[in-house]
Amino acid sequence: MNENKHSPDHGLDRDDAPDLSRDGWPGKFAEAAVRRGRPRVAQPKVSTTIRLSADVIDYFKLRGRGWQTRIDQALREWIKHRETA
């Protein structure tokens, strides 16, 4: 019993994997575009520093992950409300 239980292919049958050195795969790999990082967006967000009251931050943080996005949404709604008033 010489198996490494931490091996990433533990329990996999190597015969199920296709042979990527044949049947045109090398050419497909050579033609494939390399994409790294996040996809570009039309209007990227801008990193900034803003000082907010502790109770405001606590309110958004207590509702879980994405608190900064929710603050951004709240500000957008406030702007939209002000523009229509």
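This is a predicted model: local features need pLDDT of at least 70, side-chain atom pairs count only at pLDDT 80 or more; totals for chains, interfaces and linings use all residues.
View 1. Residues are numbered from 1 along each chain as its sequence is written, and side-chain values use heavy atoms, with hydrogens and water left out. Of the 85 residues, 4% are buried (under 20% relative accessible area, 1.4 Å probe, protein chains only).

**View 2. The helices.** You'll find three helices and zero strands here (DSSP runs: H or I of at least four residues for helices, E of at least two for strands). Starting at the N terminus, the order is α-α-α.

**View 3. Trp25 in helix α1.** Helix α1 covers residues 25-31, and Trp25 is part of it. Trp25 counts as partly exposed because its relative accessible area is 32%, and that class runs between the buried cut-off of 20% and the exposed one of 50%.

**View 4. The largest pocket.** Its volume is about 600 Å³. Among its 18 lining residues, Lys45, Val46, Thr48, Gln68 and Asp72 sit closest to the centre. A pocket here is an open set of points on a 1 Å grid over the protein atoms alone, where a 1.4 Å probe fits, with protein on both sides within 12 Å along at least five of seven lines; lining residues have an atom within 4 Å of a point. Helix α3 (residues 67-84) gives the most to this lining, seven residues.

Key. Grid points are joined across faces, edges and corners, and a volume is the space filled by probe spheres set on the points.
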